[in-house]
Amino acid sequence: MVDLAYVIAGSEATGGAGIQVDLKTFQELGVYGVGTITCIVSFDPKNGWSHRFVPIAPEVIADQIEAATSAHDLDVVKIGMLGTPDTIDVVAEALGKQSWRHVVLDPVLICKGQEPGAALDTDTALREKILPHATVVTPNLFEATVLSGMPEITSVDDLTEAARRIADLGPRYVVAKGGVELPGDDAVDVLFDDGEITVLSAPKVGNERVSGAGCTLAAAITAELAKGAGVEDAVTFAKEFTTAGIEGRVAANTPFDTVWQGALVEQLALED
Ligand code: PXL
């Protein structure tokens with residue numbers, strides 16, 4: 001029987017982020033994906049690809065979760081973009097209604113290109129209501145700075161300290177991602193597991209950010225956990241999967257190229 005993975009996340013209409021990426025990743029990794037949509041993001045090409053954001057009504061989110069969790073026995077879930085305090089309330093309630101083997105939280109505070117500010121209530125609600133349910137959380141440099149409350153993160157030591165502080169907020173495992181913005185030649189991720197630190201490095205693929213890398217990484221971790229992998233193995237594999245996807249990126253007219261979730265499978269087929 002195929003393993004199942006669940007995702008609660010936003011739709012991103014260009015296909016480069018959000019639930020589209022999550023479900024593509026699940027499919028590539030051989031798990032049956034089930035998805036609940038929290039919001040619809042449609043970038044505006046007439047206006048510098050700025051964000052047009054429409055939240056889904058809380059009752060409709062609750063209905064989707066009811067349908068998904070009644071149809072299937074789901075025990076591994078990824079949480080992506082939630083977007084509003086009302087959405088966070090509904091999702092937090094649903095997470096509390098059953099036990100989960102893993103809740104993987106990609107703490108999307110803001111999307112690339114979006115203005116900081118406005119979202120403070122959402123950030124606070126995410127930290128207070130969703131983070132305590134998470135077993136694994138995957139903040140990028142910006143999210144790690146906000147969630148840890150550190151003034152800045154400019155080194156692997158800072159990133160490790162941020163991961164330690166975020167773990168104090170609830171999740172056992174923190175995957176703090178340095179990405180292209182952390183100085184150095186490598187893209188460094190720090191995995192914090194109950195006090196134990198593992199530093200994962202891969203050479204940076206260029207110095208430009210790519211859309212969908214965070215979604216892909218967290219979805220790949222989720223898929224591997226759904227199949228029964230341990231967290232360290234899931235994270236290590238997910239980094240390989242995402243790095244291959246960045247190398248095999250899809251060019252787009254948006255300001256950022258986008259990750260190709262089929263790249264690792266293509267690379268492995270070529271090696272055979
Ligand atoms: O990459 C973060 C992200 C996640 N989810 C949705 C998004 C974005 C960024 O645009 O739109 C729905």
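This note goes through the predicted model point by point, from its cores and cavity to individual residues.

1. Basis of the note. The structure is a predicted model, in which local features need pLDDT of at least 70 and side-chain atom pairs count only at pLDDT 80 or more, while totals for chains, interfaces and linings use all residues. Residues are numbered from 1 along each chain as its sequence is written, and side-chain values use heavy atoms, with hydrogens and water left out.

2. The largest nonpolar core. This core, a set of buried Ala, Val, Leu, Ile, Met, Phe, Trp, Tyr and Cys residues joined through side-chain atoms within 4.5 Å, has 43 residues. Buried here means under 20% relative accessible area, exposed over 50%, and partly exposed in between, with a 1.4 Å probe and protein chains only. Tyr6, Ile79 and Ile130 have the most contacts inside the core. Helix H3 (residues 85-96) gives the most to this core, namely six residues; helices (H or I, at least four residues) and strands (E, at least two) are DSSP runs, numbered from the N terminus. A second, separate core has 30 residues, among them Val7, Val31, Val175 and Ala226. In soluble globular proteins, nonpolar side chains tend to be buried together.

3. Surroundings of Ile130. Apart from neighbours within four places in sequence, Ile130 is in contact (heavy atoms within 4.5 Å) with Leu82, Ile88, Val91, Ala92, Leu95, Leu105 and Ala125.

4. The cavity. A search of the whole structure gives one cavity of 30 Å³ or more, and the largest cavity has a volume of about 30 Å³. A cavity is a set of points, on a 1 Å grid over the protein atoms alone, where a 1.4 Å probe fits but cannot get out; lining residues have an atom within 4 Å of a point. Grid points are joined across faces, edges and corners, and the volume is the space filled by probe spheres set on the points. The lining consists of Gly80, Met81, Leu82, Gly83, Ile88, Asp106, Pro107, Val108, Thr122 and Leu126. By class, six of these lining residues are nonpolar, three polar and one charged; Ala, Val, Leu, Ile, Met, Phe, Trp, Tyr, Cys and Pro count as nonpolar, Asp, Glu, Lys and Arg as charged, and the others, Gly among them, as polar.

5. Thr135 and His102. Thr135 sits in the loop between helix H4 (120-130) and strand S6 (136-137). Its side chain makes a polar contact with the side chain of His102 at 2.8 Å. Such a contact is a pair of N or O atoms within 3.5 Å; within protein, one must be able to donate a hydrogen and the other to accept it, and residues adjacent in sequence count only if both atoms are side-chain atoms. Thr135 and His102 are 33 residues apart in sequence, with 5.7 Å between their C-alpha atoms. Residues up to four places away aside, Thr135 touches Arg101, His102, Val103, Pro171, Arg172 and Tyr173.

6. Two buried residues. Why is Leu74 classed as buried? Leu74 is so classed because its relative accessible area is 4%. Leu74 is found in the loop between helix H2 (58-71) and strand S4 (76-79), and, not counting residues up to four places away in sequence, touches Leu4, Tyr6, Val34, Ala68, Thr69, Gln98 and Trp100. Thr222, in helix H7 (residues 213-226), is buried because its relative accessible area is 0%. The side chain of Thr222 reaches the backbone oxygen of Ala218 at 2.6 Å. Beyond neighbours within four places in sequence, Thr222 is in contact with Ala5, Tyr6, Phe26, Val76, Val77, Lys78 and Val104.

7. Positive phi in non-glycine residues. Trp49, which is not a glycine, has a positive phi of about 60°. Trp49 lies in the loop between strand S2 (32-41) and strand S3 (53-55) and is partly exposed, with a relative accessible area of 26%. Asp194 has a positive phi near 50°; Asp194 is in the loop between strand S8 (186-193) and strand S9 (196-203) and is exposed at 60% relative accessible area.

8. Two glycines. Gly96 lies in helix H3 and is exposed, with a relative accessible area of 52%. Gly179 is in the loop between strand S7 (173-177) and S8 and is partly exposed, at 28%. Setting aside neighbours within four places in sequence, Gly179 is in contact with Ala187, Val188 and Lys204.

Definitions and conventions
On a 1 Å grid over the protein atoms alone, a cavity is a set of points where a 1.4 Å probe fits but cannot get out, and a pocket is an open set with protein on both sides within 12 Å along at least five of seven lines; lining residues have an atom within 4 Å of a point.
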